[in-house]
Amino acid sequence: MGNAARVSPPAGSTGNVIRDSALGIVPETLDHYLALNAAIWDAGPLGAAEIELARLRNARHTGCVLCQAVRYDVAIADGLSEDKVQVVRQDDPVAGLSEREQLLVAFVDQYNLDPSGISQQLQQALLAAFSEAELLHLSLLVAWFNGSSRCAVALGGMPEEMPRLEISVPR
């Protein structure tokens, strides 16, 4: 199938990266999509920098070029550094990440590679580092980002690479 676009975005530009994407051709569902996206960022116990690390690690698995290029302003304001982003993009990220961040990356990897195969050791480490509410939030946001990234990849039309792009959480 290649990377040819399989749907076209709406004509015109709103200045909102999601509204201007192919998702904008279904405005009757887009407001619900954006509301859930905002809730993932605003209504859970994890901080924006942790959410962004999980989102970026997920993008590495799905191969979504746009998702890999985007940095959300709320995550940067929460302390996310480009150095940490580069560590998360590595095959085996460890250096420069806290133990909690390493566990977050391990969870995202496990979700993408074998979600039912979480070892007893990883499960115990996750429960020691995260509250149950944080783990639920992490699970939901990885599921959300994974589905969104796969949708973007399936729709096609992405360039081979994109420059870093800082945006606000779409609402």
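Predicted model: local features only at pLDDT ≥ 70, side-chain atom pairs only at ≥ 80, totals over all residues.
A salt bridge is a side-chain nitrogen of Lys or Arg within 4 Å of a carboxyl oxygen of Asp or Glu. Residues are numbered from 1 along each chain as its sequence is written, and side-chain values use heavy atoms, with hydrogens and water left out.

Ten salt bridges were found in the whole structure. One of them joins the side chains of arginine 57 and aspartate 109, at 2.6 Å from N to O. Arginine 57 belongs to helix α2 and aspartate 109 to helix α6, so the pair ties together parts that are 52 residues apart in sequence. Helices (H or I, at least four residues) and strands (E, at least two) are DSSP runs, numbered from the N terminus. Arginine 57 is buried, at 1% relative accessibility. Aspartate 109 is also buried, at 15%. Here buried means under 20% relative accessible area, exposed over 50%, and partly exposed in between (1.4 Å probe, protein chains only).

A salt bridge also links arginine 60 and aspartate 91, at 2.2 Å from N to O. Arginine 60 lies in helix α2 and aspartate 91 in the loop between α5 and α6, so parts that are 31 residues apart in sequence are tied together. Arginine 60 is partly exposed, with a relative accessible area of 29%. Aspartate 91 is exposed, at 66%.

Helix α8 covers residues 132–155. Its 24 residues should span 34 Å at 1.5 Å a residue, and its end C-alpha atoms are 35 Å apart, which agrees. The expected span is 1.5 Å times one less than the number of residues. Buried residues of α8 include Leu138, Leu141, Trp144 and Phe145. The buried residues of this helix pack against α1, α2, α3, α6 and α7. Just after α8, glycine 156 takes a positive phi of about 75°.

In soluble globular proteins, nonpolar side chains tend to be buried together. A nonpolar core is a set of buried Ala, Val, Leu, Ile, Met, Phe, Trp, Tyr and Cys residues joined through side-chain atoms within 4.5 Å. The largest such core has 37 residues, of which Trp41, Leu138 and Leu141 touch the most other members. Among the elements that each supply at least two residues of this core are α1, β1 and α8. Apart from it lies another core, of five residues, including Ala59 and Met158. Leaving aside neighbours within four places in sequence, leucine 141 is in contact (heavy atoms within 4.5 Å) with Ile40, Leu46, Ile51 and Ala54.
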